[in-house]
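User: I would like to learn how to read the fold of a protein. Could we go through one together?

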Amino acid sequence: MLSCAPSSLAATDMKDHYNVLFLCTGNSARSIMAEGLMNAKGEPRFRAYSAGSHPAGSVRPEALRQLEAAHIPTTGFRSKSWDEFAKPDAPKMDFVFTVCDNAANEVCPIWPGQPMTAHWGVADPAAVRGAEKEIERAYRDAFLTLERRISLFLCLPLATIDKLAIKKETDQIGHQ
């Protein structure tokens, strides 16, 4: 657990705004839900984005339903390539989280500014086959896992702990 005691190592730069990128292979479900959750829960301090290594081209309606059920706006979501965020004019990311195992194992672009990265693998609800209730449960479980991790991340005292401690905590959140 985090200690609130001052660190002997240099704390991160005091910032009032952080950009976060959530990555997955298809950018159609998990990373979309994470983007929506972070923007809703982290506003105004955090701005989230999502992308995929091989974008599916569309957002899963089941993912949008999870966001809607949580009263999170769903307009403007689209499945997009992570290449958009590696361009010189892209927003500079402070954190990049992979939410699927495939994207975590791929060679990622070089992100401008060398953001802190962590893997927060979540089971793929789009891979679930079966009755509608089973599919709905898979999306709900993925949503709740992402919500818990994002809530834990938002509790981190980013301005008062050193980068090594932040890295350790973000990695540990991926196992929650």
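This is a predicted model: local features need pLDDT of at least 70, side-chain atom pairs count only at pLDDT 80 or more; totals for chains, interfaces and linings use all residues.

Analyst: Residues are numbered from 1 along each chain as its sequence is written, and side-chain values use heavy atoms, with hydrogens and water left out.

User: Which secondary structure does the protein contain, and in what pattern?

Analyst: Helices (H or I, at least four residues) and strands (E, at least two) are DSSP runs, numbered from the N terminus. Here there are five helices and four strands, and along the sequence they follow the pattern β-α-β-α-β-α-β-α-α.

User: In what order do the strands form the sheet?

Analyst: Strands of a sheet pair through backbone hydrogen bonds, either parallel or antiparallel. Two strands count as paired if DSSP finds at least two bridges between them. In this protein the four strands form an open sheet in the order E2-E1-E3-E4, with parallel pairing. Strand E2 (46-52) and strand E4 (116-119) each have a single partner strand, so one side of each is left without a neighbour in the sheet.

User: How many bridges join strand E1 to strand E3?

Analyst: Four bridges join E1 (residues 18-24) to E3 (residues 95-98), and Leu-21 has Val-96 in E3 as its bridge partner.

User: Where does helix H1 lie?

Analyst: Axes are lines fitted to C-alpha atoms, for helices over the stretch in contact (heavy atoms within 4.5 Å), and angles run from 0 to 180 degrees between N-to-C directions. Helix H1 (residues 30-42) lies across E1 and E2, running at about 175 degrees to E2, while helix H5 (residues 163-173) touches E3 and E4, at about 20 degrees to the direction of E4.
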